[in-house]
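Work through the exercises below with the sequence and the model open. Each task is followed by a worked solution.

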Amino acid sequence: MAGFGQRAPALADIAMVAHPSVTLLVDLSEGNGLVYDVHGRRERGSVVVGLIPGDLRVSGRTAEGDQCLQIRLSPVVAAAMLSASTELVGTVVSLEDVWGHDAGRAEDRLRAATSWDERFTIAADVLGRRLDARPPLDPEIAAAWGRMLTSRGRVRVDGLANEVGWSRKRLWSRFRSQIGLTPKRAAQLVRFDHAAHLLAAGEATARVAAASGYADQSHLHREVKAFTGVTPTALAAAPWLAIDGVAWPTSFADLPPSPSAFRQVPAK
């Protein structure tokens with residue numbers, strides 16, 4: 001999780017980039033909050049962003065002092081923590097729709113906190129209680145997802161099935177029902193995420209394609225377009241990616257330093 005604070009009033013219009021996680025954006029501002037728009041569906045305030053949300057834009061006017069808590073949940077954790085998490089794939093919904101009255105109570109506790117450290121502790125407590133109340137996923141599914149992450153998406157479904165001791169058909173069916181994506185699509189998302197951060201770090205497209213396991217630059221171009229609707233060049237300049245290296249520095253410790261400049265930084 002990471003905390004963000006607005007230092008001055010500004011107009012926001014940012015395209016979010018697909019990430020291999022289910023994202024909770026908890027709006028702690030006192031005003032109208034930002035608007036999240038995907039496929040014509042608009043949500044305001046605290047939201048849950050499912051896997052592969054497509055063309056998701058965040059817009060609105062922010063005021064000085066506005067704050068937001070961003071929480072990234074592994075799909076394995078999200079499935080055990082959020083009701084109907086597989087139905088969130090490709091969309092964005094209000095946190096209240098997912099958590100009911102618990103969402104408002106959590107927001108009140110977070111707003112009353114006097115520091116980001118206190119907010120992180122509160123958020124961890126809220127999430128932990130929900131995790132304890134729900135059954136975990138099949139351990140084979142958790143293992144398959146972990147393998148995708150460690151391989152950066154460069155893994156074959158047949159190989160995954162052999163590793164967890166299932167048939168390809170069973171892995172496909174169980175993974176799809178518990179994560180919301182097929183194993184192949186999930187691996188593509190993980191591979192894309194690695195490539196996207198290499199592009200944002202200033203690496204050449206040809207080098208990124210080779211390092212990420214794409215057949216060639218055209219293959220990378222097609223996949224970037226499929227996930228974001230923009231070209232690799234446009235993706236490289238995405239503000240959302242520039243923020244990642246500061247908000248979650250240990251997650252990208254092996255990437256080259258990013259030359260990108262940005263205004264907002266995590267208030268942690």
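Predicted model: local features only at pLDDT ≥ 70, side-chain atom pairs only at ≥ 80, totals over all residues.

**Exercise 1: Aromatic rings**

Task: Classify the pair formed by the rings of Phe192 and Phe227, and say which helices the pair links.

Solution. 
- Step 1. The structure holds 2 aromatic pairs. In the pair of Phe192 and Phe227, the ring centres are 4.8 Å apart and the planes stand at 25°.
- Step 2. Planes under 30 degrees apart count as stacked, so the pair of Phe192 and Phe227 is stacked.
- Step 3. Phe192 is buried at a relative accessible area of 0%, and Phe227 is buried at 2%.

Task: Over which rings do the charged ends of Arg119 and Arg191 sit?

Solution. 
- Step 1. The charged end of Arg119 sits over the ring of Trp116, 4.7 Å from the ring centre.
- Step 2. For Arg191, the ring is that of Tyr214, with the charged end 4.2 Å from its centre.

**Exercise 2: Strands and sheets**

Task: Give the strand order of the open sheet of 4 strands, and identify the strands at its edges.

Solution. 
- Step 1. The order is β2-β7-β4-β5, and the pairing is antiparallel.
- Step 2. β2 (10–15) and β5 (41–44) each have a single partner strand, so one side of each is left without a neighbour in the sheet.
- Step 3. On average, neighbouring strands of this sheet are turned by 15° against each other, direction ignored.
- Step 4. Within the sheet, β4 (residues 35–38) pairs with β7 (residues 56–62) over 4 bridges in the antiparallel sense. Val38 stands opposite Leu56 in β7.

Task: How many residues of strand β8 are buried, and which strand pairs with β8 over 4 bridges?

Solution. 
- Step 1. Strand β8 covers residues 67–73; 6 of its 7 residues are buried, so the strand is largely enclosed by the rest of the structure.
- Step 2. Strand β1 (residues 2–5) pairs with β8 in the antiparallel sense over 4 bridges, and Gly3 stands opposite Leu69 in β8.
- Step 3. Strand β3 (residues 22–27) also runs antiparallel to β8, joined to it by 6 bridges. The bridge partner of Thr23 in β8 is Arg72.

**Exercise 3: A loop residue**

Task: Is Thr91 buried or exposed, and which residues does it touch?

Solution. 
- Step 1. Thr91 lies in the loop between α1 (75–81) and β9 (92–94).
- Step 2. Buried means under 20% relative accessible area. Thr91, at 17%, therefore counts as buried.
- Step 3. Leaving out residues up to four places away in sequence, Thr91 touches Val38, Arg41, Val48, Val49, Gly50 and Pro53.

How values were computed
Residues numbered from 1 in each chain as written. Heavy atoms only, no water. Phe/Tyr/Trp six-rings, centres within 6.5 Å; stacked < 30°, edge-to-face > 60°. Helix = DSSP H or I, 4+ residues; strand = E, 2+ residues; numbered from the N terminus. Buried < 20%, exposed > 50% of the residue type's maximum accessible area, 1.4 Å probe, protein only. Lys NZ or Arg CZ within 6 Å of the ring centre and 35° of its normal. Pairing = 2+ DSSP bridges. Axes fitted to C-alpha atoms, helices over the stretch in contact; angles between N-to-C directions. Contact = heavy atoms within 4.5 Å.
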